[in-house]
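The sequence and model come first.

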Amino acid sequence: MKIFSDFAEFQTWANLKILEMLRNTPTEHGLTAFAHLLGANLVWGSRLAGTAPECAVVPNWNLDECEAAIGRISTLFEQLAPDLCETRLVDYKTSTGIESRSTVGEIMLQLWGHNAYHRGEIAREIIQQGGRTPDTDYIIFARSKNC
């Protein structure tokens, strides 16, 4: 579905902006939050794919490992996008081992909100350190595609 392809492309764009921001103004908390954002995307992506997660929800990664994860996330969601249907049910175990079930639409909304929350958290940290932050709102991404 196009919305899932757009999601994958937008997340890659926004995550690369966060990566650059953290390379310019490194913070320990920012790195931890970013690794968690990326780890959660890989865990949810594996649930959507019906495979075992390749990492923890809060991996202990450096910026180079985060950059590699961005590529894996991009590839995973681009591969999944054509076959996703928002009403399809996905059975999975939570990170605490609880059996659960959600629709693809619910999972994608969770990822959208979760990613935006942590990008904002990281941006606030960077600003407090005196760094500059790019705008990672979806509409900025959409406008850049239309120009």
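## Residues, helix packing and a pocket

Arg124 has a relative accessibility of 47% and counts as partly exposed, where buried means under 20% relative accessible area, exposed over 50% and partly exposed in between (1.4 Å probe, protein chains only). The model is predicted, so local features need pLDDT of at least 70 and side-chain atom pairs count only at pLDDT 80 or more, while totals for chains, interfaces and linings use all residues. Residues are numbered from 1 along each chain as its sequence is written, and side-chain values use heavy atoms, with hydrogens and water left out.

Arg124 lies in helix α4; helices (H or I, at least four residues) and strands (E, at least two) are DSSP runs, numbered from the N terminus.

With a relative accessible area of 15%, His114 is buried. Leaving aside neighbours within four places in sequence, His114 is in contact with His36, Leu37 and Ala40, contact meaning heavy atoms within 4.5 Å.

Asn115 is in helix α4 and is buried, at 0% relative accessibility. Residues up to four places away in sequence not counted, Asn115 touches Phe7, Gln11, Leu37 and Asn41. The C-alpha atoms of Asn115 and Phe34 are 9.1 Å apart, and the two residues are 81 apart in sequence.

### Packing of α1

Helix α1 and helix α3 (residues 63–80) pack with their axes 9 Å apart, at an angle of about 175°. Axes are lines fitted to C-alpha atoms, for helices over the stretch in contact, and angles run from 0 to 180 degrees between N-to-C directions. The angle makes α1 roughly antiparallel to α3: angles over 145 degrees count as roughly antiparallel, under 35 as roughly parallel, 65 to 115 as roughly perpendicular and the rest as oblique.

On the α1 side of this contact are Phe7, Ala8, Thr12, Asn15, Leu16, Leu19, Leu22 and Arg23, which meet Leu63, Asp64, Glu67, Ile70, Ser74, Phe77 and Glu78 in α3. By class, the contact of α1 with α3 has eight nonpolar, three polar and four charged residues. Here Ala, Val, Leu, Ile, Met, Phe, Trp, Tyr, Cys and Pro count as nonpolar, Asp, Glu, Lys and Arg as charged, and the others, Gly among them, as polar.

Leu63 is found in α3 and is buried, with a relative accessible area of 16%. Leu19, Leu22, Arg23 and Leu31 are touched by Leu63, not counting residues up to four places away in sequence. Between Leu63 and Leu22, 41 residues apart along the chain, the C-alpha separation is 7.9 Å.

The axes of α1 and helix α5 (residues 138–146) cross at roughly 105° and come within 10 Å. The two helices, α1 and α5, are therefore roughly perpendicular to each other. In this contact Asp6, Glu9, Phe10 and Trp13 of α1 meet Tyr138, Ile140, Phe141, Ser144 and Lys145 of α5. The class counts for the contact of α1 with α5 are five nonpolar, one polar and three charged residues.

| Helix pair | Angle | Axes |
|---|---|---|
| α1 and α3 | about 175° | 9 Å apart |
| α1 and α5 | roughly 105° | within 10 Å |

### The largest pocket

The largest pocket holds about 170 Å³ of space. On a 1 Å grid over the protein atoms alone, a pocket is an open set of points where a 1.4 Å probe fits, with protein on both sides within 12 Å along at least five of seven lines, and lining residues have an atom within 4 Å of a point. Grid points are joined across faces, edges and corners, and a volume is the space filled by probe spheres set on the points.

The lining of the largest pocket consists of Ile3, Phe4, Phe7, Glu86, Gly105, Met108, Leu109 and Trp112. Two or more lining residues come from each of α1 (2–24) and α4 (104–128), and α4 gives the largest share, four residues. By class, the lining has six nonpolar, one polar and one charged residues.

Arg88 lies in the loop between α3 and β1 (89–93) and is partly exposed, at 31% relative accessibility. Its contacts, not counting residues up to four places away in sequence, are Leu48, Asp83, Ser102, Thr103 and Val104. The C-alpha atoms of Arg88 and Gly105 are 8.0 Å apart, for a sequence separation of 17 residues.

Ser46 is in helix α2 (residues 28–49) and is buried, with a relative accessible area of 4%. Ser46 touches Thr51, Ala52, Pro53 and Leu76, not counting residues up to four places away in sequence.
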